[in-house]
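Welcome, and please take a moment to look over the structure below. The report that follows walks through a few of its features, one at a time.

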Amino acid sequence: MSNKYYLIFLIALTLFLGFLSELILNTEILFLNSLTESLTYDQLQEVIEFKDKWKWVGYIVVPILLLIKISIIAAILDIGCFFFSKEIRYKKLFNIVVKAEFIFLLVIVFKTAWFYFFETDYNLEDLQYFYPLSALNIVGYDGLQPWFIYPFQVLNLFELAYWFILAYLIGKELNENTDKGFSIVASSYGVILLIWVVGVMFFTLNMS
């Protein structure tokens with residue numbers, strides 16, 4: 001299957017699972033309920049009308065953000081390959097990242113299943129901060145400083161699986177073992193991810 005079809009399938013599945021999750025978990029109702037105490041009835045109606053009018057934008061923004069993310073990570077891995085004197089065409093790296101991205105679809109599935117079957121009494125905050133199989137689920141977000149929440153979310157088994165999938169596919173493309181692929185992933189994507197997390201923490205700390 002070519003890059004194009006993998007990408008189209010990934011985008012379609014992401015949008016479908018996102019829509020299904022919002023429908024099952026009543027995300028929109030939770031959002032509106034969270035505004036009832038701070039807004040008047042007329043203001044609430046305006047918010048509803050605004051959301052209904054611009055709802056279609058989300059179906060455009062999600063694919064664009066996903067495409068940007070994949071393109072950037074593929075470029076970062078390309079730099080990693082360069083530093084290890086290994087050559088993989090950018091198109092192939094792009095395809096590798098697209099394949100690895102499918103692991104994050106399980107996050108939506110796990111999250112939806114958790115709140116539908118297990119933690120049925122939840123609010124908007126619970127949905128926002130919950131990340132399945134993450135360190136945040138172990139320590140909890142209550143009492144945790146806001147700038148610590150994101151790094152604890154990033155520390156999750158899906159992210160670890162993402163690294164290993166990238167490493168395996170890169171190693172396979174180079175006809176080498178997974179260790180070489182993991183070295184490339186850790187020294188390029190891993191470093192940039194760490195910088196990104198620190199940047200988000202710094203921004204959150206300044207905003208809080």
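E176 and K86 meet through their side chains in a salt bridge, with a distance of 2.5 Å from N to O. E176 sits in the loop between α9 and α10, while K86 sits in the loop between α3 and α4, so this pair ties together parts that are 90 residues apart in sequence. Keep in mind as you look around that this is a predicted model.

K92 has a relative accessible area of 38%, which makes it partly exposed. E173, at 34% relative accessibility, counts as partly exposed too.

Another salt bridge links the side chains of K69 and E101, again given from N to O, at 3.2 Å. K69 is part of helix α3 (residues 41-83) and E101 is part of helix α4, so this pair ties together parts 32 residues apart in sequence. K69 is partly exposed, with a relative accessible area of 32%.

## A closer look at E101

Is E101 buried or exposed? The answer is buried, because its relative accessibility is 4% and the cut-off for buried is under 20%. You can find E101 in helix α4, which covers residues 90-101.

Which residues does E101 touch, once its neighbours within four places in sequence are set aside? The contacts of E101 are L10, L66, K69, I70, I73 and Y162. With K69, the side chain of E101 also makes a polar contact of 3.2 Å.

## Two asparagines with positive phi

Next, have a look at the backbone of two asparagines. N26 is not a glycine, yet its phi is positive, at about 55°. You will find N26 in the loop between α1 (3-25) and α2 (27-35). With a relative accessibility of 39%, N26 counts as partly exposed.

N175 is likewise a residue other than glycine with a positive phi, in this case near 60°. Why does N175 count as exposed? N175 does so because its relative accessibility is 71%, and exposed means over 50%.

## What lies over helix α8

To finish, turn to helix α8, which spans residues 146-154. Which of its residues are buried? They are I149, P151, Q153 and V154.

Several other helices take part in covering these buried residues of α8. Among them are α6 (124-129) and α7 (135-139). The cover also includes α9 (157-173) and α10 (178-207).

Technical notes: Residues are numbered from 1 along each chain as its sequence is written. This is a predicted model: local features need pLDDT of at least 70, side-chain atom pairs count only at pLDDT 80 or more; totals for chains, interfaces and linings use all residues. Side-chain values use heavy atoms; hydrogens and water are left out. Buried means under 20% relative accessible area, exposed over 50%, partly exposed in between (1.4 Å probe, protein chains only). Helices (H or I, at least four residues) and strands (E, at least two) are DSSP runs, numbered from the N terminus. Contact means heavy atoms within 4.5 Å. A polar contact is a pair of N or O atoms within 3.5 Å; within protein, one must be able to donate a hydrogen and the other to accept it, and residues adjacent in sequence count only if both atoms are side-chain atoms. A salt bridge is a side-chain nitrogen of Lys or Arg within 4 Å of a carboxyl oxygen of Asp or Glu.
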